[in-house]
Amino acid sequence: MARETISTAKARREFSDLISRAAYAKERHVVTRQGKAVVAMVPIEDLELLEELEDRIDVIEGLQALAEAQEQGTQRWEDVRAELGL
């Protein structure tokens, strides 16, 4: 999939065109400010896939944390607060 780097000034001038190209041609655009990448404009399908991947990673990490807690045990909140002086 094509990825174009474009300055913020050019992105402002061509904003409507960039939206159409991302939406219909499935192009990705990296917008730069002073030569540094600051934001990306991507097709909505790319964002949805990214969010789904993040959700899957969250589930895996949550299951790992639960397994660790079951294996190592947990501490009561009151004990943690007392230990930290809260």
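This is a predicted model: local features need pLDDT of at least 70, side-chain atom pairs count only at pLDDT 80 or more; totals for chains, interfaces and linings use all residues.

Student: In what order do the elements of the protein run from the N terminus on?

Tutor: The order is β-α-α-β-β-α-α, which comprises 4 helices and 3 strands.

Student: How are the strands arranged in the sheet, and with what kind of pairing?

Tutor: The general idea comes first. Strands of a sheet pair through backbone hydrogen bonds, and the pairing is either parallel or antiparallel. In this model the 3 strands form an open sheet in the order 1-2-3, and the pairing is mixed. Strand 1 (3-7) and strand 3 (36-41) are the edge strands, each pairing on one side only. From one strand to the next, the twist averages 30°.

Student: In which sense does strand 2 pair with strand 1, and in which with strand 3?

Tutor: Strand 2, residues 28-33, pairs with strand 1 in the parallel sense over 5 bridges. Between strand 2 and strand 3 the sense is antiparallel, over 5 bridges.

Student: Is threonine 32 buried or exposed?

Tutor: A residue counts as buried under 20% relative accessible area. Threonine 32, which has its place in strand 2, is at 12% relative accessibility and therefore counts as buried. Leaving aside residues up to four places away in sequence, threonine 32 touches Thr5, Ile6, Ser7, Thr8, Ala37 and Val38.

Student: Where do lysine 26 and glutamine 34 lie?

Tutor: Lysine 26 is in the loop between helix 2 and strand 2. Glutamine 34 is found in the loop between strand 2 and strand 3; these two strands form a hairpin with 2 residues between them, and glutamine 34 is in the turn.

Student: How does one classify the accessibility of lysine 26 and of glutamine 34?

Tutor: Exposed means over 50% relative accessible area, and partly exposed covers the range between buried and exposed. Lysine 26 is at 30% relative accessibility, so it counts as partly exposed. Glutamine 34 has a relative accessible area of 82% and is therefore exposed.

Student: What is the radius of gyration of the protein, and what value would a compact globule have?

Tutor: The protein has 22 Å, whereas a compact globule of 86 residues would have a value near 12 Å. Along its principal axes, the C-alpha trace spans about 60 × 30 × 15 Å.

Student: What share of the residues is buried, and what can be said of the surface and of the contacts?

Tutor: Buried residues make up 14% of the 86 residues. The accessible surface comes to about 7,200 Å², and carbon and sulfur atoms account for 53% of it. Among contacts with a separation of 6 or more, 35% are between residues 24 or more positions apart.

Terms used
Residues are numbered from 1 along each chain as its sequence is written. Side-chain values use heavy atoms; hydrogens and water are left out. Two strands pair if DSSP finds at least two bridges between them. Axes are lines fitted to C-alpha atoms, for helices over the stretch in contact, and angles run from 0 to 180 degrees between N-to-C directions. Buried means under 20% relative accessible area, exposed over 50%, partly exposed in between (1.4 Å probe, protein chains only). The radius of gyration is taken over C-alpha atoms; the globule rule is 2.2 Å times the number of residues to the power 0.38. Contact means heavy atoms within 4.5 Å. Accessible areas come from the Shrake-Rupley method with a 1.4 Å probe; for residues, only the protein chains shown count as cover.
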